[in-house]
Amino acid sequence: MKMKKHTVSDDTSIVRENYNKNCVTEWERLEGFHFEFEIAKHFLKKYMKGKTVLDIGGGPGRYSIYLAKLGYDVTLVDLSENNIKLAKKKFKEYGVDVKAFVCDARDLSDLKLGTFDNVLVMGPLYHLSDISDREKCIAEAKRHLNDDGVLFASFITITAGLNLYLDTNPEELINEPALDLFDNMAKDESWSGMAFTKATFINSLEVEPFFNKLGFEKITLLGQEGLIGPRLTKIESSSETVRDKYLEISLKVCENPQYFAYSNHLLYIGKIKND
């Protein structure tokens, strides 16, 4: 579907409706072995501090459950009522105590949550088309982050759509209506429009300046699929030995900007600048 113009409220309604309809699909998306999840978990373990976590836009709670099982005190917030409903069900199934609330990532003030050692924003930035809304989202994350805390924020890469076609059905690219995305790639610009829902595909060159402007200092930036985005389905369904070898290689190179195009998601890890 071609990129369309929507108001901010329309964008929010589109995204909420998508996840309300597809909360189970979103939960199942990371079932089993997924490079996106495995590489993110590696870096969460490496850089998380303290004991408290705010998971903003964490959907039905995959990361919240993982971190709660590691012993963190986790609070989840999400735009979708059905994501939160499913998350609460999963928390009971997995035997974890996680607080969960419905809220827009751009304004958490009504929840009066306080501050946390770690804040995850691993979803909302996929869907905020206007840079001012992305700035509001990260400003809220910063407001809820302890001075010495760590921010984890994910984006969909500008090459994610291409990787999907290369991975699953290369011939179908000729029928893609949103080929203007490649015009944006040629100009080193991000793209926003209708994909699986209203979505923003980020140009990696924009990520670090975006956070610098908002008062963050980069710890690292990495591709969450490492090198295997164009062959994701095949490799994730391969034997454990094969998967582990590709994971080992991907972990070696995933922080090198030369290889970000092979990933469908970028993970920024940063801390508040000390003035």
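A disulfide is a pair of cysteine sulfur atoms within 2.5 Å. This is a predicted model, in which local features need pLDDT of at least 70 and side-chain atom pairs count only at pLDDT 80 or more, while totals for chains, interfaces and linings use all residues. Residues are numbered from 1 along each chain as its sequence is written, and side-chain values use heavy atoms, with hydrogens and water left out.

**Exercise 1. Find how many disulfides the structure holds, and then look at Cys103.**

Step 1. Count the disulfides: the structure holds 0.

Step 2. Turn to Cys103, which is in no disulfide; its nearest cysteine sulfur belongs to Cys137 and is 11 Å away.

Step 3. Check the surroundings with relative accessible area, where buried means under 20%, exposed over 50% and partly exposed in between (1.4 Å probe, protein chains only). Cys103 counts as buried because its relative accessibility is 12%. Cys254 is buried too, at 2%.

**Exercise 2. Work out what the pLDDT says about the protein.**

Step 1. Recall the term: pLDDT is the predictor's confidence in each residue, from 0 to 100.

Step 2. Read the overall values: the mean pLDDT of the protein is 94, and 96% of its residues reach 70 or more.

Step 3. Look at residues 1–9, where the pLDDT is below 50; beyond near neighbours in sequence, this stretch has 17 contacts in the model. Contact here means heavy atoms within 4.5 Å.

Step 4. Draw the lesson: where pLDDT is low, the predicted coordinates should not be read in detail.

**Exercise 3. Trace the strands that pair with β1.**

Step 1. Settle the terms. Helices (H or I, at least four residues) and strands (E, at least two) are DSSP runs, numbered from the N terminus. Two strands pair if DSSP finds at least two bridges between them.

Step 2. Start at strand β1 (residues 52–56): 4 of its 5 residues are buried, so the rest of the structure largely encloses this strand.

Step 3. Follow the pairing to β2, which is parallel to β1 over 5 bridges. Here Ile56 has Val77 in β2 as its bridge partner. Between these two strands the chain passes through α4, and this β-α-β crossover is right-handed. That word applies if, with the strands pointing away from the viewer, the path from the first strand over the helix to the second runs clockwise.

Step 4. Now go to strand β4 (residues 116–121), which runs parallel to β1 and is joined to it by 4 bridges. Leu54 has its bridge partner Val119 in β4.

Step 5. Continue from strand β2 (residues 73–78) to strand β3 (residues 99–102): they run parallel, joined by 4 bridges. Thr75 stands opposite Lys99 in β3. Together with helix α5 (residues 81–94), β2 and β3 make a right-handed β-α-β unit.

**Exercise 4. How many salt bridges does the structure hold, and which residues form some of them?**

Step 1. Use the cut-off: a salt bridge is a side-chain nitrogen of Lys or Arg within 4 Å of a carboxyl oxygen of Asp or Glu. Side chains of opposite charge can pair when their charged atoms come close.

Step 2. Search the whole structure, which gives 16 salt bridges.

Step 3. Inspect Glu31 and Arg62, whose side chains meet at 2.6 Å, N to O. This pair links distant parts of the chain, 31 residues apart: Glu31 sits in the loop between α2 (23–28) and α3 (35–47), and Arg62 in helix α4 (residues 62–69). Glu31 is partly exposed at 44%, whereas Arg62 is buried at 12%.

Step 4. Move to Glu36 and Arg29, whose closest N and O atoms are 2.7 Å apart. Glu36 is buried at 7%, and Arg29 is partly exposed at 30%.

**Exercise 5. Which residues is Ser263 in contact with, and is Ser263 buried or exposed?**

Step 1. Locate Ser263 in the loop between α11 and β9 (265–272).

Step 2. Check its accessibility: at 0%, Ser263 counts as buried.

Step 3. List its contacts. Leaving aside neighbours within four places in sequence, Ser263 touches Thr157, Thr159, Asn163, Gly223, Gln224, Glu225 and Gly226.

Step 4. Pick out Gly223: it is 40 residues from Ser263 along the chain, yet their C-alpha atoms are separated by 5.2 Å.
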